[in-house]
Structures are given as structure tokens and as C-alpha cells.
Amino acid sequence: MTAQATEKTAERGMRLAELLALPVAFDLDTSNRALQLGRTKGFDLARRGEYPIRVLRVGRAYRVTRADLLRALGVDPHDDGAGSSHPTPSENSPIHQL
């Protein structure tokens, strides 16, 4: 694969940092990019009610929420990639002593 082809492939998806930096709600083009859907296919799925995640209709525009997109992609918004984002209680923690 050429360097140019690799760059185009990277442009179609989104990196984790980009996903986590998205606003609370955004346009369908942004969601299409994250899901690696073409514009025509994404809008067609939204019109038919078959988009892979919930789509909100605001006037004539389609909007998607960050929470729905992250959930569909299996991304934990609290995970920074450095390990578990939620501590697991140990057997000696007060909650296990009850």
C-alpha cells in the first residue's frame, strides 16, 4: 500500500483522541467518518431509519450524540488507554466487609 493510500485510509476513520474530543452532538457527516461510511450510504441509512446508531432529526438536519457513537464503537469515554478506568474493589475494601 502506498503512503498516499495509507493517508486516505486514515482520513476516513477517526482516532480515539478525535472521538473523545467530539462535541455532545454533531452532524451526520462526522458520524459517517467515524463509522467509515460514505456520505451517500450514511444519509440513505438515516433516511430509511437503518443507521447503525440513533439519529436525531433537528429540522432538516440529522444529528448524532457522542455517547451513542462511542457506545456503538465500544469506546469507554473514561478510558485513557493507560489501563482500567474504574478501580476494582479488593476483598479488603470496606464494601466487602459488610
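A crossing of two helices is called left-handed if the near helix is turned anticlockwise from the far one by less than a right angle, and right-handed if clockwise. The model is predicted, so that local features need pLDDT of at least 70 and side-chain atom pairs count only at pLDDT 80 or more, while totals for chains, interfaces and linings use all residues. Residues are numbered from 1 along each chain as its sequence is written, and side-chain values use heavy atoms, with hydrogens and water left out.

**Exercise 1.** Determine how helix 3 and helix 4 pack and cross.

**Exercise 2.** Identify the residues through which helix 3 meets helix 4.

*Solution.* From helix 3 come Leu 28, Asp 29 and Asn 32, which meet Arg 39, Gly 42, Phe 43 and Ala 46 of helix 4, contact being heavy atoms within 4.5 Å.

**Exercise 3.** Decide whether Asn 32 is buried or exposed, and list what Asn 32 touches.

*Solution.* Asn 32 has 2% relative accessibility and therefore counts as buried, the limit being under 20% relative accessible area with a 1.4 Å probe and protein chains only. Not counting residues up to four places away in sequence, Asn 32 touches Leu 37, Gly 38, Arg 39, Gly 42, Phe 43 and Tyr 51.

Key:
Axes fitted to C-alpha atoms, helices over the stretch in contact; angles between N-to-C directions. Helix = DSSP H or I, 4+ residues; strand = E, 2+ residues; numbered from the N terminus. Buried < 20%, exposed > 50% of the residue type's maximum accessible area, 1.4 Å probe, protein only.
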